[in-house]
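Visitor: I would like to learn how to read a protein model feature by feature. Could you take me through one, giving the general idea before each case?

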Amino acid sequence: MNAPRTAPSSLDCLIIGGGPAGLTAAIYLARYHLSVAVVDAGQSRASLIPLTRNHAGFPDGISGNDLLMRMREQARLYHADLYEGRVESVVRNGDTFTAMMEGSAIDARSVLLATGVVNRRPAMLDDAAHQQALNDGRLRYCPICDGYEVTDRRIAVLGTGDRGCDEALFLRSYTAAITLVAPEGGHELNDAHYRRLRDAGVEVVGSCRAIALAHDAIVLQVNGDRLSFDSLYPALGSDVCSELAAPLGAEMSEAGCLKVDTHQRTDVTGLYAAGDVVLGLDQISHAMGGGGIAATTIRNDLAEKAPLRR
């Protein structure tokens, strides 16, 4: 996907974000014979998945990049336009929207935000080590996605408070060897947290000072000890990429997730959202479902304004 040299003509829908939600919507909208373009900044969390084994239809698993490549090919097959780049702003002009991208203006009758979220990474791993750890399963971000793969393995959860406690307890259903490690700054656990963790057999240790990769293990320096694990799950939260919606006045949750109705409409007419940027289950299947719902809603809403004819 390359950035447009000149701005595309007015679209029926501009999709911002080329992950599973945005690409599913693009496929649907293109097959509805609508003009659609996807602008993607190349930061889909799906691209970080070495192999997903719980995506239906791929019993041997599929990498996130392979899945995205197949979806891009499918969208192009039905004449959706795909561009690499970052949308810098979106403004509303009456019944349409104008998005600015690298100095070019893109006009659209509707906009779908599928901009996702960004996981907060352990600061103690540089980019190369982070990617290596992801590739070989020593670093994992989604216990829903791959908890099965760590069955009966030694697992560390890096986090604290409600988030760290809940993730450690979720993973406890896969293995008895769970250790909750505090990020820098120490634990923020109350008596109820400690009681739940103790009752579940989760070990709680102090603050992580360093992270290193060793042969078939990930090693955390905790106080003066070096603790070795098969995999580490950071439970540090994520940042929602909803900044384009704020100037439009779209309603958001306290965490920044866009609020939508059951048909993926925001409270701004003509603005829709799907995928991880919407509060819900951060899963490929959920994102795809939201993308399909959003695309069908967009098609029907546009048809109400002006009949769609061939």
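Guide: What follows is a short tour of the sheet, the helix packing and some single residues. Please keep in mind throughout that this is a predicted model.

Visitor: Let us begin with the sheet; in what order do the strands lie, and is the pairing parallel or antiparallel?

Guide: In general, the strands of a sheet pair through backbone hydrogen bonds, either parallel or antiparallel. Here 5 strands form an open sheet with parallel pairing, and their order is β3-β2-β1-β7-β16. At the edges stand β3 (81–84) and β16 (271–273), each of which pairs on one side only. From one strand to the next, the twist averages 20°.

Visitor: How many bridges join β1 to β7, and which residue does I16 stand opposite?

Guide: Strand β1 (residues 13–16) and strand β7 (residues 111–113) run parallel and are joined by 3 bridges, and I16 stands opposite L113 in β7. Helix α7 (residues 284–305) packs on this sheet, where it touches β1, β7 and β16, and its direction makes about 165° with that of β16.

Visitor: How should I read the packing of helices against each other?

Guide: Two packed helices are described by the angle between their axes and the distance between the axes. For helix α1 (residues 20–31) and helix α2 (residues 64–77), the angle is about 25° and the axes are 9 Å apart. Angles under 35 degrees count as roughly parallel, and α1 and α2 are therefore described as roughly parallel to each other. Their crossing is left-handed, and the contact is made by P20, L23, T24, A26 and I27 on the α1 side and by L68, M71, R72, Q74 and A75 on the α2 side.

Visitor: At what angle do α5 and α6 pack, and how far apart are their axes?

Guide: Helix α5 (residues 161–171) packs with α6 at an angle of about 15°, with the axes 10 Å apart, so that α5 and α6 are again roughly parallel to each other. The crossing of α5 and α6 is left-handed. On the α5 side G161, D162, C165, D166, A168 and L169 take part, and they meet H193, R196, L197 and A200 in α6.

Visitor: Is H193 buried or exposed, and with which side chain does the side chain of H193 make a polar contact?

Guide: A residue counts as buried under 20% relative accessible area; H193, at 7% relative accessibility, is therefore buried. H193 is found in helix α6 (residues 191–200), and a polar contact of 2.6 Å joins its side chain to that of D162. Beyond residues up to four places away in sequence, H193 touches G161, D162, C165 and E188.

Visitor: Finally, what should I look for in the backbone angles?

Guide: Most residues other than glycine have a negative phi, and most peptide bonds are trans. In this model H33, which is not a glycine, has a positive phi near 60°; H33 lies in the loop between α1 and β2 (36–40) and is exposed, with a relative accessible area of 53%. E102, also not a glycine, has a positive phi of about 50°, and its place is in the loop between β5 and β6 (104–108).

How values were computed
Residues are numbered from 1 along each chain as its sequence is written. This is a predicted model: local features need pLDDT of at least 70, side-chain atom pairs count only at pLDDT 80 or more; totals for chains, interfaces and linings use all residues. Side-chain values use heavy atoms; hydrogens and water are left out. Helices (H or I, at least four residues) and strands (E, at least two) are DSSP runs, numbered from the N terminus. Buried means under 20% relative accessible area, exposed over 50%, partly exposed in between (1.4 Å probe, protein chains only). A polar contact is a pair of N or O atoms within 3.5 Å; within protein, one must be able to donate a hydrogen and the other to accept it, and residues adjacent in sequence count only if both atoms are side-chain atoms. Contact means heavy atoms within 4.5 Å. Two strands pair if DSSP finds at least two bridges between them. Axes are lines fitted to C-alpha atoms, for helices over the stretch in contact, and angles run from 0 to 180 degrees between N-to-C directions. Angles under 35 degrees count as roughly parallel, over 145 as roughly antiparallel, 65 to 115 as roughly perpendicular and the rest as oblique. A crossing is left-handed if the near helix is turned anticlockwise from the far one by less than a right angle, and right-handed if clockwise.
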